[in-house]
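Reader: I am new to reading structures. Could you walk me through one?
Author: Gladly; let us look together.

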Amino acid sequence: MAAFGTVFTPEMILSRFDNNSWTEPKIVAADSISLHPGAHVLHYSSTCFEGLKAFRHDDGGIYIFRMDKNVARLAQSSELLSLPKFDGGMLSQMILDIVKRYAADVPNPPGSMYIRPTHIGTEASIGKAAAPSLQSMLYVLLSPVGDYFAGGAKPLRLLLEDNARCASHMGMVKSGGNYASALQPIMKARAAVQADQVLFCPNGDVQETGAANFLLIDGNEIITKALDSSFLHGVTRDSILTLARDRGMTVSERELTVDELLERAAKPGAEAALSGTAAVLTPVGTLIHNGKEYQVGSGQGGDTTNALRQALNAIQWGKTEDKHAWLTKV
Ligand code: PLP
Ligand code: COI
């Protein structure tokens, strides 16, 4: 199977903001856009995006998972980046229209259609280093995908990093700059200790990795950082916590320090996992900190992680009742 996110449908849907209004969304070729080299996004990083998925059910129907949450998060990211405001109803309709057009290309489970709404500042003005772009482009790309982590559900190795992933007031924004600033630590962690991901823990505060949220599971308790502006408010995180509550687990959204994490993760039966649209719920087997390796529980993932991942997939794949009304039929 091709690497995650490298195959695209031939078309996407696009609207432009200019003269204070949005153009009627249009289906256009997905292989190129035309941008002035002085476009705001290319210099001052006025870009944000989303990641959500559409799933094929046994009855042939196509369903999008928690579209409202992702549309709301892109609206919030756009606001925090001072990009033009858009109507959530317009973006939802754009997503539905393009997914419907490519419904035949939605893979069967465990594959899905990854949906990438993107909003960029297009005004050609290199003088606007401290002013927003008054023109923008909003488009929705589609990419049929399988597993994000090449190893499937193989437990991951995480290197704990003492620095932040990005500026502390911008972590909740799903913006390109945050990913760029995390790249060097991730590349170094791969080369130095063959880590799969970096777990960013500024000042000993366990935050998130470069592409997913982090969860610790200890017996009946699931522990993860409480929402604040420093990290991305994952839709999968919220879904997994809801499913954990449904199962009678205690959900602790609070500060988790590196010291507590390393102590609790070492207990027999402890589990840790990464949650994300691409990552789904992937077990973490090893934590690496200050040159030492710490095995999480058995080092092989565990029953609770598997059960929560299955419960999430069962809803996404239409195998169980969607009792939280998370799916939108296309
Ligand atoms: N944190 C980061 C930095 C991410 O890139 C992602 C992926 O989207 C997540 C967390 C998880 O968010 P979600 O579950 O909404 O996909
Ligand atoms: C997602 O999970 O949607 C992301 O944006 C992560 C990315 C690495 C694919």
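Reader: What share of the contacts in the protein chain with a separation of 6 or more comes from residues 24 or more positions apart?
Author: A contact means that the C-beta atoms of two residues, placed from the backbone, lie within 7 Å. In the protein chain, residues 24 or more positions apart account for 72% of the contacts with a separation of 6 or more. Before going on, note that this is a predicted model: local features need pLDDT of at least 70, side-chain atom pairs count only at pLDDT 80 or more, and totals for chains, interfaces and linings use all residues. Residues are numbered from 1 along each chain as its sequence is written, while chains are lettered from A and ligands numbered from 1 in the order in which they are written.

Reader: How many helices and strands does the protein chain have?
Author: Helices (H or I, at least four residues) and strands (E, at least two) are DSSP runs, numbered from the N terminus. Here there are 7 helices and 18 strands.

Reader: How does the radius of gyration of the protein chain agree with that of a compact globule?
Author: The radius of gyration is taken over C-alpha atoms, and the globule rule is 2.2 Å times the number of residues to the power 0.38. For 330 residues the rule gives a value near 20 Å, and the protein chain has 20 Å, which agrees. Along its principal axes, the C-alpha trace spans about 60 × 50 × 35 Å.

Reader: What percentage of the residues in the protein chain is buried?
Author: Count the other C-beta atoms, placed from the backbone, within 10 Å of a residue's own: 20 or more is buried, 12 or fewer is exposed, and in between is partly exposed. Buried residues make up 44% of the 330 in the protein chain.

Reader: Is Phe 17 buried or exposed?
Author: Phe 17 counts as buried because it has 22 C-beta neighbours inside 10 Å. Its place is in strand S1 (residues 11-18). Not counting residues up to four places away in sequence, Phe 17 touches Trp 22, Pro 84, Gln 135 and Ser 136. Phe 17 and Phe 86 are 69 residues apart in sequence, and their C-alpha atoms are 8.7 Å apart in space.

Reader: Where does Ser 82 lie?
Author: Ser 82 is in the loop between helix H2 (67-80) and H3. It counts as exposed because it has 12 C-beta neighbours inside 10 Å. Look at its backbone too: Ser 82 has a positive phi of about 60 degrees although it is not a glycine. Asn 290 is another residue other than glycine with a positive phi, near 50 degrees. Asn 290 lies in the loop between strand S16 (280-289) and strand S17 (292-295), and is exposed, with 8 other C-beta atoms within 10 Å.

Reader: Which residues does a cis peptide bond join?
Author: The pair is Pro 109 and Pro 110, with omega about 10 degrees. Pro 110 lies in the loop between helix H3 (88-101) and strand S7 (112-121).

Reader: At what angle do H5 and helix H7 pack?
Author: For such an angle, axes are lines fitted to C-alpha atoms, for helices over the stretch in contact, and angles run from 0 to 180 degrees between N-to-C directions. H5 and helix H7 (residues 303-316) pack at about 110 degrees, with their axes 10 Å apart. That makes H5 roughly perpendicular to H7. Angles under 35 degrees count as roughly parallel, over 145 as roughly antiparallel, 65 to 115 as roughly perpendicular and the rest as oblique. Ser 239, Ile 240, Leu 243 and Ala 244 in H5 meet Leu 308, Ala 311 and Leu 312 in H7. The residues of this contact divide into 6 nonpolar, 1 polar and no charged. Here Ala, Val, Leu, Ile, Met, Phe, Trp, Tyr, Cys and Pro count as nonpolar, Asp, Glu, Lys and Arg as charged, and the others, Gly among them, as polar.

Reader: Which residues come nearest to ligand 1?
Author: A residue is near a molecule if its C-beta atom, placed from the backbone, lies within 6 Å of it. Of the 14 residues around ligand 1, Gly 234, Val 235, Thr 236, Gly 276 and Thr 277 come nearest. Helix H5 (235-246) and strand S15 (271-276) are the elements that give two or more residues to this shell. The largest share, 3 residues, comes from H5. By class, the shell around ligand 1 has 4 nonpolar, 8 polar and 2 charged residues.

Reader: And which residues surround ligand 2?
Author: Gly 51, Ala 211, Gly 276, Thr 277 and Ala 278 surround ligand 2. Their classes are 2 nonpolar, 3 polar and no charged.
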